[in-house]
Amino acid sequence: MQTQFRLAVGLLAIILVGAIGVYAGWWSLHWRVGPYFTHHWFSIIGAAYVLAFIPVYAYMKRRTSVNRGTLLKVHVFANLLAVGLVSIHFAHQMARPAEFAPALGTGLAAFILIALIVAAGFMLRFGLASAQRESWRLIHVGLGLSLYVVVIIHALINFGLL
């Protein structure tokens, strides 16, 4: 598990450097691919993955005989990759000039929820506060459910459907 912890922390460091790089303008992902910019596609892919996989994960860990250790690894690392994609989009939005700044409504709320979910997930997965495990589980699941509501509203607003 030490190796997994190191890999997860390393992945978080890569995400942080990637987001800082986008925010600081070290590189740009602002080119159009079809109807959206690249950073929008990153967030769409990351959010869609999380929204689709979490119910599958919850079902599989309770109702199938799949190896739960492998399933947990996929849950942790694939979701961290999805968080990385969303983080790049968020950093790009925050780097916009003041006159073109985004409204800080549901996007900011979603990003704060994601950060808290990752923190609670680390507490659970790596036993960083094992005495309060059930509390961290409740927080992790509750924040995840809240994220569903916020991301769906965010998407509906930004796709012009709400």
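Is G18 buried or exposed? I looked this one up to begin with, keeping in mind that the model is predicted. G18 has a relative accessibility of 14%, and buried means under 20%, so G18 counts as buried. I found G18 in helix α1.

**Entry: the overall plan**

I stepped back to see the whole chain. I counted five helices and two strands. Read from the N terminus, the order is α-β-β-α-α-α-α. The C-alpha atoms fill a box of roughly 50 × 35 × 30 Å along the principal axes. For 162 residues, a compact globule would have a radius of gyration near 15 Å, and I noted 17 Å for the chain, which agrees.

I then turned to surface and contacts. Buried residues are 33% of the 162. The chain exposes about 9,800 Å², and carbon and sulfur atoms supply 72% of that. Of the contacts between residues at least 6 apart in sequence, 66% join residues at least 24 apart.

**Entry: helix α1**

Back to the helix that holds G18. How far apart are the end C-alpha atoms of α1? I found 32 Å; at 1.5 Å a residue its 23 residues should span 33 Å, so the two values agree.

Next I listed its buried residues: Q4, A8, L11, I15, G18, A19, G21 and V22. An α-helix has 3.6 residues a turn, so residues three or four places apart point the same way. The buried residues of α1 pack against α3 and α4.

Q4 got a note of its own. Q4 lies in α1, which covers residues 2-24, and at 15% relative accessibility Q4 counts as buried. Beyond four places in sequence, Q4 touches K73, F77, R125 and F126. Just after α1, I noticed that G25 takes a positive phi of about 80°.

**Entry: helix α3**

What caps the N-terminal end of α3? I found N67 there, with a side-chain oxygen 2.8 Å from the backbone nitrogen of G69.

**Entry: the nonpolar cores**

How many residues does the largest nonpolar core have? I read off 21, and those with the most contacts inside it are A8, L80, I114, V118, F122 and L147. The elements giving two or more residues to this core are α1, α3, α4 (106-125) and α5 (133-158). A second, separate core has five residues, among them A19, V22, L29 and A91. In soluble globular proteins, nonpolar side chains tend to be buried together.

Setting aside residues up to four places away in sequence, V118 touches L12, L80 and V83.

**Entry: H39**

Which residues is H39 in contact with, leaving aside neighbours within four places in sequence? I wrote down L29, H30, H89, H92 and Q93.

Methods
Residues numbered from 1 in each chain as written. Predicted model: local features only at pLDDT ≥ 70, side-chain atom pairs only at ≥ 80, totals over all residues. Heavy atoms only, no water. Polar contact = N/O pair within 3.5 Å; in protein donor to acceptor, adjacent residues only side chain to side chain. Helix = DSSP H or I, 4+ residues; strand = E, 2+ residues; numbered from the N terminus. Rg over C-alpha atoms; globule rule 2.2 N^0.38 Å. Buried < 20%, exposed > 50% of the residue type's maximum accessible area, 1.4 Å probe, protein only. Contact = heavy atoms within 4.5 Å. Areas by Shrake-Rupley, 256 points an atom, 1.4 Å probe, with all protein chains shown as cover. Core = buried A, V, L, I, M, F, W, Y, C linked by side-chain atoms within 4.5 Å. Expected span 1.5 Å × (residues − 1).
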